Amino acid sequence: LANLVQGLNSPDPTVKEKSIAEAEKRIREQETSKEEESKTTVNRTVINTRASVRGFFPFEVKAVCNGFLAILEKDAKERAKRRKRNEHLANALKEKGNDAFRKGDYIVAIQRYTEGLEKLKDKRELYTNRAQAYLKMHEYEKAIGDCEWALKCDGTCIKAYFLMGKAQLALKHYSESRQCYEKILQIDPQKERLFKDCMTEVNLEEKRMKDEERAMKEAQSGRLAALSIEELLQKLARPDQNILYYTGGIRLLTGTMKDCTGQTLFRTNNGFSILKDNEIVRRGFCAERKNTAEVDLCVSLLFLWQAVCTGNEENQRLLLTCPDVNAQLPKLLSSGVSGIQKETLALISLYSDNENGRRLLVRQQDLTKWLQILMTFVNNTDARASSAMNILSDLTEEERFKTQCRVMFSTGALPLFTQLLTSAKLVNQAALARCIGIVGNLCADLVIRTQMADCRECWQACLKLVDERFDVSTPEYRECLFAVLGLMMNLLLESNVIIQYFAVDISGKCMSLLGDKDGRIVTRAIGVLSRILPASLSAVEEVVKGGVVKKMIRFLKAGGQVTSSYAIKTLSVCTRSNSQAREDLVKSDKGFSVLLKLLDSENEMIVGNAAFCLGQCLVVPGAATSLLDSNVVMILLKHAGGDATRTSVQENAAIALGKLCVAEPRHIFQLRELNGLAILNSSMKYVHST
């Protein structure tokens with residue numbers, strides 16, 4: 001024991017570690033010995049035949065043990081203190097490495113991360129950060145090694161699997177890369193978007209390699225098609241030729257793009273460098289005011305890129321990485337030259353009609369002005385308008401596009417949109433209808449919706465379009481009317497002083513549409529009414545004078561769940577604040593037959609509003625009495641004590657039932673027979689608790 005204590009105090013780390021291990025071993029043996037002694041139940045006397053050896057007295061053993069434990073405790077504290085100090089140093093080195101990484105100095109970053117790991121060998125972030133730097137340096141094996149160490153520190157490290165997948169992909173280990181990404185999804189199912197993106201990248205890279213191997217074999221076999229592509233690209237690389245020479249060569253090259261192999265040979269023979277390496281071609285393509293020859297060159301290039309990029313995602317990606325192409329696309333769309341605009345739209349459509357292409361556009365392009373640029377095509381009467389609307393419709397599926405639209409919406413797109421609405425009789429009405437629908441979808445974005453709802457000119461333009469339906473009776477204009485009503489419904493999700501100001505005018509326009517022959521327009525007009533009336537008591541008063549209650553009852557009798565949901569909501573708004581509306585409903589709906597039918601609906605919103613309307617109308621003299629021979633008590637009790645997901649259904653039913661019994665006490669007898677008082681009491685406690 002003396003030697004053991006001496007070893008524990010040794011300055012030599014090796015001797016000290018051995019002593020600690022020996023001490024722990026002896027403690028375990030001693031504990032085992034005590035356990036064995038405690039299990040002994042028979043007194044066994046063993047005579048020691050060996051020579052006596054001097055042992056430690058009890059107080060000596062206790063002193064040694066206490067000293068030993070004190071040394072262990074001291075050592076643990078020192079190690080914790082040392083780790084804390086090293087962790088602080090490792091974090092400082094990590095930040096220095098991160099700073100170097102951000103500056104693109106990956107060698108220094110690797111050095112700092114390595115120094116940090118010398119201080120703290122189990123710091124996961126240092127391994128993953130160094131792996132990321134190794135990836136930038138194309139040292140993929142080292143990156144994989146660091147990811148493996150990170151996973152030893154934390155087996156659920158998503159970043160480690162992500163970076164390892166990237167490194168395996170760079171080494172063309174496609175199955176291993178997929179396995180890494182599959183691990184991410186197993187660890188966190190919420191990472192499905194990341195998983196899909198990564199798997200798409202692997203699939204595209206594997207396809208690219210196979211395509212290039214196939215194309216290389218074609219070229220090596222001496223096939224005429226392959227040789228002609230190479231020859232044409234070589235001729236186009238000749239400098240200082242006439243612009244017509246290049247235009248003709250580009251058209252010939254376009255004709256050779258018959259299949260994926262031709263597209264791949266174009267790529268592998270550096271075909272995308274036509275702009276970068278040829279000053280005459282580049283100047284003609286980028287000229288702001290193009291002459292006839294430059295227009296022909298530009299159109300020829302656009303034709304070529306369509307042929308090269310159709311169905312080829314790798315070529316699509318490479319084209320958008322060309323700086324001149326990226327910068328010129330919005331300018332070409334705004335050029336005013338029909339041929340250039342038409343082929344630019346056709347090229348962009350190759351990207352917008354599929355998810356991967358849209359994401360390439362959103363990532364590579366600044367799309368802040370694209371909404372405004374594409375909207376201008378509504379003024380065109382040819383196919384360009386339809387192509388532009390198709391692209392816009394596709395782009396609105398991308399959240400990042402909506403985010404980019406916010407930037408210049410109020411100063412660019414919104415004034416143009418308002419102008420188009422105002423000029424509805426003069427523009428391409430089929431395209432305008434689609435444009436209105438697209439803007440309506442953009443209103444799902446709160447920022448865009450708020451800007452539109454706050455725009456007085458926008459509301460005026462919407463109302464003008466509704467007014468002009470009497471002057472234009474074309475099917476295309478009616479589609480515009482249908483779309484603008486949907487837009488108004490979306491904008492009425494907001495509440496502001498502008499909406500209050502226009503409430504009477506909007507509700508009046510909607511009332512005039514209730515006699516339209518197109519059921520879709522009628523339904524949307526009722527929908528607008530249901531959302532505009534809560535904004536203005538004056539609007540409610542005007543529509544009640546205009547006979548809105550009788551008209552809504554008529555629509556409710558006709559059925560149609562969407563129309564019914566809007567109509568009953570309109571009635572609930574009117575009956576809440578207008579006594580004439582309540583009286584009109586009692587007269588129009590004899591014995592409340594329509595409302596009772598609605599109370600049996602499977603749509604909880606319809607049921608809740610129907611119960612609310614009924615409760616409001618029971619204050620009208622004789623209304624409650626007219627229900628004595630009905631099963632209204634049972635129906636309301638069922639909803640009041642039911643398990644509707646909307647507690648407002650239960651609350652409205654309970655209130656209506658209470659008003660019914662107050663207005664006509666004879667209903668209480670039926671309520672008691674159904675044990676209704678107890679049910680009402682418990683249901684209202686539940687409603688208030690939720």
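Student: Is Lys-81 buried or exposed?

Tutor: A note before that. This is a predicted model, where local features need pLDDT of at least 70, side-chain atom pairs count only at pLDDT 80 or more, and totals for chains, interfaces and linings use all residues. Residues are numbered from 1 along each chain as its sequence is written, and side-chain values use heavy atoms, with hydrogens and water left out.

Now the general idea. Buried means under 20% relative accessible area, exposed means over 50%, and partly exposed lies in between (1.4 Å probe, protein chains only). The areas come from the Shrake-Rupley method with a 1.4 Å probe; for residues, only the protein chains shown count as cover. Lys-81 has a relative accessible area of 61%, so it is exposed.

Student: Where is Lys-81 placed?

Tutor: Lys-81 sits in helix H3. Helices (H or I, at least four residues) and strands (E, at least two) are DSSP runs, numbered from the N terminus.

Student: Which residues form the positive surface patch?

Tutor: First the rule. Patch residues have over 30% relative accessible area and no salt bridge; like charges are joined within 9 Å, and nonpolar side chains (Val, Leu, Ile, Met, Phe, Trp, Tyr) within 5 Å. Lys and Arg count as positive, Asp and Glu as negative, while His and the chain ends are not counted. Each charge is placed at NZ of Lys, CZ of Arg, CG of Asp or CD of Glu. Here, Lys-81, Arg-82, Arg-85 and Lys-119 make up the patch. Helix H3 (residues 58-102) gives the largest share, 3 residues.

Student: How many salt bridges does the count come to?

Tutor: A salt bridge is a side-chain nitrogen of Lys or Arg within 4 Å of a carboxyl oxygen of Asp or Glu. The count comes to 40.

Student: What separates Arg-102 and Asp-99 along helix H3?

Tutor: About one helical turn, because they are 3 residues apart in helix H3. Arg-102 is exposed at 61% relative accessibility. Asp-99 is partly exposed, at 32%.

Student: Which residue forms a salt bridge with Glu-115?

Tutor: Arg-112 does, with the closest N and O atoms 3.2 Å apart. Both lie in helix H4 (residues 106-119), 3 residues apart, about one turn of the helix. Glu-115 is partly exposed at 30%, and Arg-112 is partly exposed at 24%.

Student: Is Glu-314 buried or exposed?

Tutor: Its relative accessible area is 15%, so Glu-314 is buried. Glu-314 forms a salt bridge with Arg-317, the closest N and O atoms being 2.7 Å apart. Arg-317 is partly exposed, at 34% relative accessibility. Both residues belong to helix H16 (residues 313-320).

Student: Which residues are linked in a network of salt bridges?

Tutor: Arg-193, Asp-197, Glu-355, Arg-359 and Arg-363.

Student: Where does UniProt place the "coiled-coil region"?

Tutor: Read such labels with care. UniProt positions are given in the numbering used here, feature names are shortened, and annotations may be inferred rather than shown by experiment. The unreviewed UniProt entry puts this feature at residues 110-137. That span is 82% helix and 0% strand, and its end C-alpha atoms lie 10 Å apart.
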